[in-house]
Amino acid sequence: MLDRDLVEAAIAVGLSGGADFAEVFVEDRQSVSAFLDDGRVEELTSGRDRGAGIRVISGETTGYAHTADLSAEGLRHAAAAAAAVSRSSSNPETVVLAPSEPGGTTVVTYPETVPKATKVAMLRTADDAARAASNSISQASARYSDGRRKILIANSEGVWATDDQVRTLFSVSCVASGDTGMQTGRESIGHTMGFELFDEFDVADLAERVAKRATTKLAAKPSPSGELPVVIKRGGGGVLFHEACGHGLEADLISKGASVFKDRVGEQVANPDITLIDDGTMAREWGHFSYDDEGHAASRNTLIENGVLTDYMWDHIRARTQGRGSSGNGRRQSYQHLPMVRMTNTYVLNGREDPDEIIAQTPYGVYVAQLGGGQVNTATGDFVFGMLEAYLIEDGKITEPLREGNLIGNGPKVLHDIDALGNDFEMGHPGMCGKDGQGVPVGDGQPTLRVSRLTVGGTAA
Amino acid sequence: MTDSNSLLATAQRVVARARGDEQIEAYAARSKSTEIRAHNGDVESLSSAESFGIGVRVLVEGRQGFAYAGSLESAAVDEALVAARDNAEFATVDPDLVMAQPDGVAAAELDLVDPSLGSFDVARKIELAIDLEARLRSIDEHISGVESSDYFDVFGEAALASTAGFAIESAATRAGLTAYALAADSDGITQTGFGWSVSRGPGELDPGTAAAAAAERATRLLGATKPQTGRTTVVLDPFVTAMFLGIVGSTFSGEAVNKGRSLFADRVGDEIAADLITLIDDPTDPAAYSASVFDGEGLASRRNVLIDGGRLVGFVHNASSAARAGVTSTASAIRGGHTSIPAVGCRALGLVPGDLDRDELYRSVGDGIVIQSVAGLHSGVNPVSGDFSTGAEGVRIRDGELAEPLREFTIGSTLQRMLLDTVAVGSDVELMPMSASGLSLAIAGVTVSGQ
């Protein structure tokens, strides 16, 4: 992506002020997005972004500068700006860069080799399928997007890593209208893979599912309010763990005292059935990569094992402070952003129970088939997540559909309140995780489970 | 600070290449920004950045294509034009798809650039971030930490040229301080609070205000408990009101109306809100954080009344949504930078303030809950169905006075009901670092879900 001598020169400029560490991150991103709405293909957008970010660390201070100018001059300028935080001067050491095995070589069909007409035709297929699924569908939209992100990371510790990340995504959303007003449904399929995604997943099936979800909700009644048992369908609620404890296990928040999980490694923080993994190596999943955005190989990290907190997630800078290695969780939205600790694919391993039995043994509660996004305050542990598709459980049976709303709980408490864990693990939907203004793709998954009490944010008494 | 001629010249060079049957619009943008985070009396990180790019929209025979490049080099710009033309080939023919035409409305004289930003030394920016952190740590004995203490500034400029004859340039500066405070009680239970100070330039930033707001919000939640489930009146804090208005504003998008996604599509002229409510979208207000001279298609910004004394007046439109609806654009094209085509939306929303100051408003409510912050607006609010449910924390109002703090509960209603159930609008207007301003807003009959 960039000549070795240019990169070495930029690192040398970064170190010239006596800094402890200098890094060059180069990114070349191409994307295509096609959007159908109101029965028309309204938009086909393609874009290209290319640039470099240079990071210099001196003591506890990080300097960062980025540029879209990848010439020797542009890189030198950015490196000097980043190095302005350095406070001493010394003779730069010579850096020997050691290339590691290139990442990201499993793609079968690169999306840029597929004709645009083929991509647009899928939008039509989805639109037709959604409108055919139910007479109540009054509006539908579909989006296809693909992105290819090539990155190079080189640093003063000799790292030279490259990755080639290809992600493909298809989303459908529908509006259903009836006497009760309008309701919506939406869902995406997305994987870290090429156009072969559509050999496995049918966009018409997706559209039909979304249309049915919107139509079902026309009959939905207001959700109950107050504390109730909540059963979450497999694959529908990994975001629970992402919010309830995932963010709280990020070492940057730990180091600021902004997490309820600080100083709790080795403690029983969850029901003993719970084992929580964050796994960037999980090929094809939405949060997968070969190298993170600091050049560390992706890794499978056990965060909670049999209910005991085993480790946090680490990036380069936080790990360095603790004299340990990064866990491969240093990620950034683009070359315009500083890396920080981020999740990858975060999931809970199977328990032993039959999912049907979990429902049957719940006299009254809420069954959530699909969760939406969520948000957490890691310092207090309070978190929310939305119910996109939910039903009442009465006498151990799933009954009426419920209107949308948020659930609220406290992370450390909810981990202990999980009182049933199914044996039907599934990965969930592709997600975009936001932190400090940066979005990165993440995955999640879990088996069917029950929380003995969560506060359901409905409007019914 | 930078040579802005080249932005417009670059955009015009693209437009000049339009073929006979083509309409072209080119939007070129550049921004220069600084972000500083302080920690333990020192700089934790300092980022300085310059970004630029161009978005090219081509309309040919009723079909639209778009492409962008994160570069202004001629090869990259050429590539974007070629891609936009190619992309147009695959779009559906749509006779209502139009580009904005100059409409003779005069551009407001807005002074959105603080020239002192360019000469404000990095060392002084660092001092502001460090000062903010130091003030926060010493302001109250319960402050146990500072999650973040940040300074930021941005100088943004943009140029738009089109075959319709637009050739405009605009620029704006912004600077701000933001802080997240951590407060802990004797049991080590932590609460958080957010504070900020924003302005056009660094000279008017006030670390004292930002620190005091963050500290007060965090410390007043110490000892918070979960409320009982029930119905009550809530008072949205100005910050929460601004977020609420952002969601309400999305239902007034002419595009949502055209496509059957707005709650209020057929309600023009109806009483959709309490008569206390007059909602205006006015990007020509120089005090608005998101004030701007032009909209995303080059039309002069203007003041649009959406709700007048509870009655729905109309919707906001860009050129295409207006053409489809058979009306004229309200100069409400919004752009998310150079990487996207102009959409439709409110640009600087605000409620006309009422007569009650904050204390008077609390007294008029008598018993209720002040909502200090909300979580999960993106996951629990559906602007199409109107369902509204969000996580919340705040402080009880008892007999008109602030009482005990509350947390880990949700508030629920519908957008339709919340507009109609508004019982008081405060006089305490606050400008926010977002596209709506805020004030205290009291809404009755909201379900609080807790214990």
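Tutor: Let us begin with a term: helices and strands here are DSSP runs, at least four residues long for a helix (H or I) and at least two for a strand (E), numbered from the N terminus. Keep in mind as we go that this is a predicted model.

Student: Thanks! Where is B:E61 found?

Tutor: B:E61 is in the loop between β2 and β3 (63-69) of chain B. Its phi is positive, about 50 degrees, although B:E61 is not a glycine.

Student: Which loop holds A:D263?

Tutor: In chain A, A:D263 lies in the loop between α7 (251-255) and β9 (276-279). A:D263 is not a glycine either, yet it has a positive phi of about 60 degrees. With 9 other C-beta atoms within 10 Å, A:D263 is exposed.

Student: What about B:G53: is it buried or exposed?

Tutor: B:G53 has 24 other C-beta atoms within 10 Å, so it counts as buried. Its place is in strand β2 of chain B.

Student: Which residues does B:G53 touch, leaving out those up to four places away in sequence?

Tutor: Its partners are B:A29, B:Y68, B:A69, B:G70, B:S71, B:H338 and B:T339.

Student: Let me try helices. At what angle do the axes of α1(A) and α2(A) cross?

Tutor: Helix α1 (residues 4-15) and helix α2 (residues 72-83), both of chain A, cross at roughly 25 degrees, and their axes come within 8 Å. Angles under 35 degrees count as roughly parallel. That is why α1(A) and α2(A) are called roughly parallel to each other. Their crossing is right-handed.

Student: Which residues make that contact?

Tutor: From α1(A) come A:L6, A:A9, A:A10, A:V13 and A:G14, and from α2(A) come A:A72, A:L75, A:R76, A:A79, A:A80, A:A82 and A:A83. Sorted by class, the contact of α1(A) with α2(A) has ten nonpolar, one polar and one charged residues.

Student: And in chain B, how do α3(B) and α4(B) lie?

Tutor: The axes of helix α3 (residues 122-138) and helix α4 (residues 207-219) of chain B cross at roughly 40 degrees and come within 9 Å. These two helices, α3(B) and α4(B), are therefore oblique to each other. α3(B) passes α4(B) in a right-handed crossing.

Student: What meets what there?

Tutor: On the α3(B) side you will find B:L128, B:D131, B:L132, B:R135 and B:L136, which meet B:P207, B:G208, B:A210, B:A211, B:A214 and B:A215 in α4(B). The residues of this contact of α3(B) with α4(B) divide into eight nonpolar, one polar and two charged.

Student: How far does α5(A) reach?

Tutor: Helix α5 (residues 203-217) of chain A has 15 residues and reaches 21 Å from first to last C-alpha, close to the 21 Å expected at 1.5 Å a residue. Its buried residues include A:V203, A:L206, A:A207 and A:V210.

Student: At what angle does α5(A) pack with α3(A)?

Tutor: About 35 degrees, with the axis of α5(A) 8 Å apart from that of helix α3 (residues 116-133) of chain A. The crossing of α3(A) and α5(A) is right-handed. Among the residues that meet are A:M122 and A:T125 in α3(A) and A:V203 and A:L206 in α5(A). The classes in the contact of α3(A) with α5(A) are eleven nonpolar, one polar and two charged residues.

Student: Which elements do the buried residues of α5(B) pack against?

Tutor: They pack against β7 (230-236), β13 (349-351), β14 (368-375), α9 (377-380), α10 (415-420) and β18 (441-449) of chain B. Buried residues in α5(B) include B:F239, B:V240, B:M243 and B:F244.

Student: Finally, how many residues does the contact take from chain B and from chain A?

Tutor: It takes 62 residues from chain B and 65 residues from chain A. On the side of chain B that touches chain A, strand β2 (residues 42-60) of chain B gives the most, with eleven residues. By class, that side of chain B has 17 nonpolar, 34 polar and eleven charged residues.

Terms used. Residues are numbered from 1 along each chain as its sequence is written. Chains are lettered from A and ligands numbered from 1 in the order in which they are written. This is a predicted model: local features need pLDDT of at least 70, side-chain atom pairs count only at pLDDT 80 or more; totals for chains, interfaces and linings use all residues. Axes are lines fitted to C-alpha atoms, for helices over the stretch in contact, and angles run from 0 to 180 degrees between N-to-C directions. Angles under 35 degrees count as roughly parallel, over 145 as roughly antiparallel, 65 to 115 as roughly perpendicular and the rest as oblique. A crossing is left-handed if the near helix is turned anticlockwise from the far one by less than a right angle, and right-handed if clockwise. Two residues are in contact if their C-beta atoms, placed from the backbone, lie within 7 Å. Ala, Val, Leu, Ile, Met, Phe, Trp, Tyr, Cys and Pro count as nonpolar, Asp, Glu, Lys and Arg as charged, and the others, Gly among them, as polar. The expected span of a helix is 1.5 Å times one less than its number of residues. A residue is buried if 20 or more other C-beta atoms lie within 10 Å of its own, exposed if 12 or fewer, and partly exposed in between; C-beta atoms are placed from the backbone.
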